Amino acid sequence: MTARRTTIVFAVLAFSSSLGWVLGSELVDRRVHATPQVLDTPARAGRSALETIGSQPLDENWPGVPREIAAQIARSSPLAELIRGLSAGRSSAPANVSAFAGDPGSDDSRGPAETRQEIASALPAIAIPESPASKASRDGTTIYNFDQDAAGKLPPGFQVALTGRGSQPVWVVQADATAPSQPNLLAQTSADNTDYRFPLAIAQQGSLQNLSLSVKFKAVAGSVDRAAGLVFRLQDANNYYVVRANALEDNFNFYRVVNGRRSEIKGSKVKVPTGEWREMRIEAESNRFKCFLDGKQMIDTTDETFAEAGKIGLWTKADSVTYFDNLQVTPK
Ligand SMILES: [Ca+2]
């Protein structure tokens, strides 16, 4: 009896133990799986959101990105402009984003260095959209030194015009070892020998009445003329004041140009050498005008023709090939 009882007790214990093990395993198993289920909730929400997004129309520039989301990103940040720029012509916008973040798992076939180069080249376009490179403003003074401008072209912020007859002027930025500020200057290079021909390069920024205006110039060539001039209170290509030096005539004169006709207000005789840099300056205040050559006052006169504000610019005559640099204007 004792042995049978012992056997029963042992069997009950064994069964309980097995049951406990099974129940325990189930509890453990449930506990183990409880955490992933909690973590899985946002993931499922994300999948649900993606399914919703997936039903929306896709942006044509960003393959795989819903149009509405692409539009929101584009409105929200300059970075989006960068990303969108980099996306142009590429297979996947998200790949660009991953590459930008340095994700080695990006499916972009190109290397991170190449991507960084693209980003670097795209950044200036965002930070500096249209830079008028050749001028620096300081205390109201604007200096055009042409040193950041592309050679062979008219510098940004200038417009070509012509008073009189003949072919269109050719104003170009050039590198020159003698330029007062390195490396560039602005040159009028067309050599049309029409006598009554006045090439103009007009600065588009600002309109001034009273001012201090100066420029460094070098008369380079010309058989009809070798002239260098500064215009101010310019109303249009046929109406303005001009002060000019002439290396063929050796004089330094102040003119008004009215409806395209030039007439002298005041003149001075002075040696103006070819092939050497000189500086001219004008001080205009109301109807009084003082003109300087290399710091020396040559003209002090009055005139009432143009009392109102106008633009400033550079001027030559006929077949003059003339170099200019460091055009500087200060309002007064
Ligand atoms: Ca320069």
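**Starting at Thr322**

I began at Thr322, which sits in strand β16 (residues 321-331). Strands here are DSSP runs of E, at least two residues long, and helices are DSSP runs of H or I, at least four long, all numbered from the N terminus. Residue numbers start from 1 along each chain as its sequence is written. I have to keep in mind that this is a predicted model, where local features need pLDDT of at least 70, side-chain atom pairs count only at pLDDT 80 or more, and totals for chains, interfaces and linings use all residues.

Is Thr322 buried or exposed? Thr322 is buried, because 28 other C-beta atoms lie within 10 Å. The cut-offs I used: buried takes 20 or more other C-beta atoms within 10 Å of a residue's own, exposed takes 12 or fewer, partly exposed is in between, and the C-beta atoms are placed from the backbone.

I then listed what Thr322 touches, leaving out residues up to four places away in sequence: Gln188, Phe217, Ala219, Val220, Ala227, Ala228 and Thr316. A contact here means C-beta atoms, placed from the backbone, within 7 Å. I also checked Leu186, which is 136 residues from Thr322 in sequence but 8.6 Å away in space, C-alpha to C-alpha.

I looked up the confidence next. The mean pLDDT of the chain is 76, and 58% of its residues reach 70 or more; pLDDT is the predictor's confidence in each residue, from 0 to 100. Residues 6-54 have pLDDT below 50, and beyond near neighbours in sequence that stretch has 1 contact in the model. Residues 77-133 are also below 50, but there I found 51 contacts beyond near neighbours.

**The whole chain**

I noted 5 helices and 16 strands. Of the chain's 332 residues, 29% count as buried. Taking contacts between residues at least 6 apart in sequence, 59% join residues at least 24 apart.

**The sheet**

What is the strand order in the open sheet of 7 strands? I read it as β3-β6-β15-β8-β9-β10-β11, with antiparallel pairing. Two strands pair if DSSP finds at least two bridges between them. At the edges are β3 (158-164) and β11 (261-266), each pairing on one side only.

I zoomed in on β8 (residues 227-236) and β9 (residues 239-246), an antiparallel pair with 7 bridges. Ala228 has Ala245 of β9 as its bridge partner. Another antiparallel pair I looked at is β13 (residues 288-293) with β14 (residues 296-302), joined by 6 bridges. There Cys291 stands opposite Ile299 in β14. The β13-β14 hairpin has 2 residues between its strands, and Asp294 takes a positive phi near 50° in it.

**The core**

Which residues of the largest nonpolar core touch the most other members? Out of its 51 residues, they are Leu186, Leu230, Val231, Phe232, Val242 and Phe324. A nonpolar core is a set of buried Ala, Val, Leu, Ile, Met, Phe, Trp, Tyr and Cys residues joined through C-beta atoms within 7 Å. Strand β8 gives the most to this core, with 6 residues. I followed up Val231: setting aside residues up to four places away in sequence, Val231 touches Leu200, Tyr240, Tyr241, Val242, Ile312, Gly313 and Trp315.

Arg233 is not a glycine, yet its phi is positive, near 50°. Arg233 counts as buried because 24 other C-beta atoms lie within 10 Å.

Asn259 also has a positive phi near 50°, but Asn259 is in the loop between β10 (251-258) and β11. Asn259 is exposed, because it has 7 C-beta neighbours inside 10 Å.

I found a cis peptide bond from Gln182 to Pro183, with omega near 5°. Pro183 lies in the loop between β4 (171-175) and β5 (184-188).

**Last stop: Ile143**

I ended at Ile143, in strand β2 (residues 141-144). Ile143 counts as partly exposed because it has 16 C-beta neighbours inside 10 Å. Val215 is 72 residues away from Ile143 in sequence, yet the two are 9.5 Å apart in space, C-alpha to C-alpha.

Conventions
Two residues are in contact if their C-beta atoms, placed from the backbone, lie within 7 Å.
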